[in-house]
Amino acid sequence: SSYKTVHISSVNLHTEGIYRCEVSNEFPVFDTVSRSVKLNVVAIPSGPFITPSPPVLVSAGEQLYLNCSSFGSLPRPNMNWYINQTPVPLTARRVFNYQEDVASIIHINEQKDGRLDCVLQLRLRIRESHFQEGKIFLKCTAILGNFFMKSEGVVLENKRTHQIEAKSESEIEGKILGLFDDDSYREERNLRRIGSSAVFVSFSFHQLSLFMFHSFSI
């Protein structure tokens, strides 16, 4: 540091505060001018993380309970759930209303040093209207001021549509395999015919040789 600048080498949460610079004239005039600025210290969080891992295939009527977690933040981050790019409003209640199809509740825990752990819960009762081209896109975002923004997302697929597609693919594969089975059957049948003819010929020569042998003996 110098009389013009202040250098803070090790910043921690206690570094936050109001810093003031003051300039005074010498004797005999003691005019003083000062300026102050507030220094805010922030802690970049880890996350967000979506837990537990949701099932890949879901059906209408199923219920999902997911957590979006952010750890060690200061100040509190702005967190939101999105369903197909539509934000889920934050519920002021501390518990879910089971009559609602969609609800979001946040829980905050303060660490000893003042940093915050935030868990944004999502309760979703899946409806057919949630599917877009057979898929549901879920995303959780955490925003801190204008210097931190991070998100994590998952994609859910309609189990019914997936089964229909899988069935169609298996039918196509069955038809393709059927074509190969027919050809292999023809080849196998031809080989059987050739094999039968070979046995018959060898048997005929054997009979002929026996007949000639016996005839010569007589």
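## Salt bridges in the structure

How many salt bridges does a search of the whole structure find? The search turns up 5 of them. Keep in mind as you look around that this is a predicted model.

## Asp 101 and Arg 125

Let's start with Asp 101, whose side chain meets that of Arg 125 in a salt bridge, with an N to O distance of 2.8 Å. This pair links distant parts of the chain, 24 residues apart: Asp 101 sits in the loop between β7 (86–87) and β8 (102–110), while Arg 125 belongs to strand β9 (residues 116–125).

## Asp 101 and Arg 127

Asp 101 also forms a salt bridge with Arg 127, and here the closest N and O atoms are 3.1 Å apart. Arg 127 lies in the loop between β9 and β10 (135–144) and Asp 101 in the loop between β7 and β8, so this pair ties together parts 26 residues apart in sequence. Arg 127 is partly exposed, with 35% relative accessible area.

Another salt bridge joins Arg 115 and Asp 113, whose closest N and O atoms are 2.9 Å apart. Arg 115 is partly exposed at 30% relative accessibility, and Asp 113 is partly exposed too, at 38%.

As for the network, salt bridges that share partners join Asp 101, Arg 125 and Arg 127 into one.

Methods: Residues numbered from 1 in each chain as written. Predicted model: local features only at pLDDT ≥ 70, side-chain atom pairs only at ≥ 80, totals over all residues. Heavy atoms only, no water. Salt bridge = Lys/Arg side-chain N within 4 Å of Asp/Glu carboxyl O. Helix = DSSP H or I, 4+ residues; strand = E, 2+ residues; numbered from the N terminus. Buried < 20%, exposed > 50% of the residue type's maximum accessible area, 1.4 Å probe, protein only.
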